[in-house]
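This briefing is for a reader who has not seen this structure before. Please look over the sequence and the model, then read the notes that follow.

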Amino acid sequence: MNYLKLKNLIILVYFLSNYTFSQNIKNSNSDKKEISILFIGNSLTYFNNLPKLIKRSMNQKKIKLNIEMVAYPKYTITDHWNGGRVQKIISNKKPSFVILQQGPSASIAEKRTLIEVGKKFKQLCSINNTKLCYFMVWPSRKNYNDFNKVIVNYSEAAKVNNAILLPVGKKWKNHFDLNNKFDYYSKDGYNPSLKGSKVAANIISNKLLTEIEKK
């Protein structure tokens, strides 16, 4: 091979290498999906800034997360619906997911609220191509015997409304029953500790990733 041919070959290899490298970077950046989530709830959501913990977890998994949270102390999903703010956000911004949460909801009346008001959210989400999720929470420590009712009520509400169930409360109970440690609770015995919120964030992130991969 003469010098000219060798030089041309080197130039060609250099060009192809740089082109491939730039394409890999481009593909790597484009692989990072963008997902938007609206969190609707109360202190069980805003304690320790659960949405921020989920965003951090999702970013590590190449998911760019845009989040918005509407959460007030002791609010039910009825309070949120009657307030009207969340409907405007869903209709205008059309988030990928709406994560709905109220208190433990162990009673029959609270179960009815989860189902009936949840149905209104489901209809609105369907119109806007948004997936509805139920964030299953937990009872306070003093009402620990209500745990199974909380699990059943959230599970049935999600099933009736064909929504995604985020089974945080169920995972919490499994941990408590197995280890007899209640370290997911904060000192008030109701809101989550930082550890509890991190566990919740991990459960929710993994479930959402499963749903994103279905698309």
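A residue counts as buried when its relative accessible area is under 20%, and as exposed when that value is over 50%. By that rule Trp 172 and Phe 176 are both buried. The model is a predicted one. Its protein chain has nine helices and five strands.

**Overall make-up**

- Along the sequence, the elements of the protein chain run in the order α-β-α-α-β-α-α-β-α-β-α-β-α-α.
- The protein chain has 215 residues, of which 44% count as buried.
- Among contacts between residues at least 6 apart in sequence, 75% join residues at least 24 apart.
- The protein chain exposes about 12,200 Å², and carbon and sulfur atoms supply 54% of that area.

**Helix α3**

- Helix α3 spans residues 50–59, and its buried residues are Leu 50, Pro 51, Leu 53, Ile 54, Ser 57 and Met 58.
- Viewed down the axis of α3, these buried residues fall within an arc of 160°, so they line one face of the helix.
- The cover over the buried residues of α3 includes the strands β1 (33–41), β2 (63–71) and β4 (131–135), together with the helices α2 (43–46) and α9 (194–214).

**Helix α5**

- Helix α5 covers residues 85–93, with Val 86, Gln 87, Ile 89 and Ile 90 as its buried residues.
- Down the axis of α5, the buried residues fall within an arc of 165°, so they too line one face of their helix.
- Lys 88 and Asn 92 are exposed residues on the face of α5 turned away from the buried side.
- The buried residues of α5 pack against β1, β2, α4 (77–83), β3 (97–100) and α6 (108–127).
- Just after α5 comes Lys 94, which takes a positive phi of about 45°.

**Aromatic rings**

- The structure holds 14 aromatic pairs.
- Phe 135 and Trp 138 form an edge-to-face pair, because their ring centres are 6.1 Å apart and their planes stand at 65°; the cut-off for edge-to-face is over 60 degrees.
- Phe 135 is buried at a relative accessible area of 1%, and Trp 138 is buried at 0%.
- Trp 172 and Phe 176 have ring centres 5.8 Å apart and planes at 75°, so this pair is edge-to-face as well.
- Trp 172 and Phe 176 are four residues apart in helix α8, and therefore about one helical turn separates them.
- An α-helix has 3.6 residues a turn, so residues three or four places apart point the same way.
- Ring pairs link a cluster made up of Phe 135, Trp 138, Tyr 144, Phe 147, Trp 172, Phe 176, Phe 182, Tyr 184 and Tyr 185.

**Lys 173**

- Lys 173 lies in helix α8, which spans residues 168–179.
- Lys 173 has a relative accessible area of 16% and therefore counts as buried, the cut-off being under 20%.
- The side chains of Lys 173 and Asp 177 are joined by a polar contact of 2.6 Å.
- Beyond its neighbours within four places in sequence, Lys 173 is in contact with Tyr 144, Phe 147, Asn 148 and Ile 151.
- Two of these contacts, Tyr 144 and Phe 147, also belong to the aromatic cluster.

**Ser 105**

- Ser 105 sits in the loop between β3 and α6.
- Its relative accessibility is 1%, so Ser 105 counts as buried.
- A polar atom of the Ser 105 side chain lies 2.9 Å from the backbone oxygen of Gly 103.
- Not counting residues up to four places away in sequence, Ser 105 touches Glu 110, Lys 111, Leu 114, Asn 153 and Tyr 154.

**Cysteines**

- A disulfide is a covalent bond between the sulfur atoms of two cysteines.
- The structure holds zero disulfides.
- Cys 125 is in no disulfide, and the cysteine sulfur nearest to its own, that of Cys 133, is 8.6 Å away.
- Cys 133 is likewise in no disulfide, with the sulfur of Cys 125 as its nearest, 8.6 Å away.
- The distance of 8.6 Å is to be set against the cut-off for a disulfide, which is within 2.5 Å.
- Cys 125 is buried, with a relative accessible area of 0%, and Cys 133 is also buried, at 0% relative accessibility.

Methods. Residues are numbered from 1 along each chain as its sequence is written. This is a predicted model: local features need pLDDT of at least 70, side-chain atom pairs count only at pLDDT 80 or more; totals for chains, interfaces and linings use all residues. Side-chain values use heavy atoms; hydrogens and water are left out. Helices (H or I, at least four residues) and strands (E, at least two) are DSSP runs, numbered from the N terminus. Buried means under 20% relative accessible area, exposed over 50%, partly exposed in between (1.4 Å probe, protein chains only). A polar contact is a pair of N or O atoms within 3.5 Å; within protein, one must be able to donate a hydrogen and the other to accept it, and residues adjacent in sequence count only if both atoms are side-chain atoms. Contact means heavy atoms within 4.5 Å. The arc is that of the directions from the helix axis to the C-beta atoms. Accessible areas come from the Shrake-Rupley method with a 1.4 Å probe; for residues, only the protein chains shown count as cover. Rings of Phe, Tyr and Trp (its six-membered ring) pair if their centres lie within 6.5 Å; planes under 30 degrees apart count as stacked, over 60 as edge-to-face and the rest as tilted.
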